[in-house]
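Okay, thanks for making time, everyone.

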Amino acid sequence: MSGFVVLYNPDGSPVDAELLEQMTVYLAFRGPDATGIRICGNIGMGHALLQTTFDQECEKQPCSIDEKVWITGDIRLDGRGELVRLLQAVGRKISIDDPDIMLVLHGYHAWGQQVLDRISGDFSFA
């Protein structure tokens with residue numbers, strides 16, 4: 001499984017970039033294939049990717065569609081075909097080859113928190 005970390009400063013102070021980098025590097029044993037970091041003011045996300053499926057070859061995390069909503073996590077979805085069909089039916093530009101993380105992100109854009117009612121599998125994300 002991949003590893004990820006999220007730092008949040010509720011007082012609004014900026015995330016310590018060096019600390020986030022150190023924590024993400026430490027997670028490399030969980031995900032030796034790629035690492036990524038994103039800091040948005042008082043929130044920072046770090047991700048260490050372990051590629052276990054073909055669709056993860058192009059996966060970059062943390063990721064966003066609109067630079068407003070960001071996601072990172074470890075996601076293995078069941079029923080991908082049905083989820084893609086539902087997303088396409090509501091106008092999302094998505095394909096069966098897109099990584100699971102992007103399916104969840106598109107689902108969040110389409111349905112908000114109710115995306116959790118439409119996905120199944122093994123996952124943890126922020």
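I'll go through the sheet, the core, the cysteines and a surface patch, in that order.

Quick housekeeping: this is a predicted model, so local features need pLDDT of at least 70 and side-chain atom pairs count only at pLDDT 80 or more, while totals for chains, interfaces and linings use all residues. Residues are numbered from 1 along each chain as its sequence is written, and side-chain values use heavy atoms, with hydrogens and water left out.

Let's start with strand 3, residues 43–49. Strands here are DSSP runs of E, at least two residues, and helices are runs of H or I, at least four, numbered from the N terminus. Strand 3 pairs antiparallel with strand 1 over 6 bridges, and also antiparallel with strand 2, residues 34–40, over 7 bridges. Pairing means DSSP finds at least two bridges between the strands. If you want landmarks, Phe4 has His47 as its bridge partner in strand 3, and Ile39 has Gly44. In the hairpin of strands 2 and 3, there are 2 residues between the strands, and Gly41 takes a positive phi near 65°.

So is strand 3 largely enclosed, or open? Largely enclosed by the rest of the structure, because 6 of its 7 residues are buried. Buried is under 20% relative accessible area, exposed is over 50%, and partly exposed is in between, with a 1.4 Å probe and protein chains only.

Now the core. The largest nonpolar core has 16 residues, and Leu77, Leu83 and Leu103 touch the most other members. Two or more residues each come from strand 6 (73–78), helix 2 (80–89) and helix 3 (100–111), and helix 3 gives the most, with 6. By core I mean buried Ala, Val, Leu, Ile, Met, Phe, Trp, Tyr and Cys joined through side-chain atoms within 4.5 Å.

On to cysteines. Taking a disulfide as two cysteine sulfurs within 2.5 Å, the count is 0. Cys40 is in none; its nearest cysteine sulfur, on Cys63, is 12 Å away. Cys40 is partly exposed at 34% relative accessible area, whereas Cys63 is buried at 8%.

Last, the surface. Val6, Tyr8 and Ile43 make a nonpolar patch with about 260 Å² of accessible area together. Those areas are Shrake-Rupley with a 1.4 Å probe, and for residues only the protein chains shown count as cover. Patch residues need over 30% relative accessible area and no salt bridge, with nonpolar side chains (Val, Leu, Ile, Met, Phe, Trp, Tyr) joined within 5 Å and like charges within 9 Å. A salt bridge is a Lys or Arg side-chain nitrogen within 4 Å of an Asp or Glu carboxyl oxygen. Val6 sits in strand 1, residues 3–8, and counts as partly exposed because its relative accessibility is 35%.
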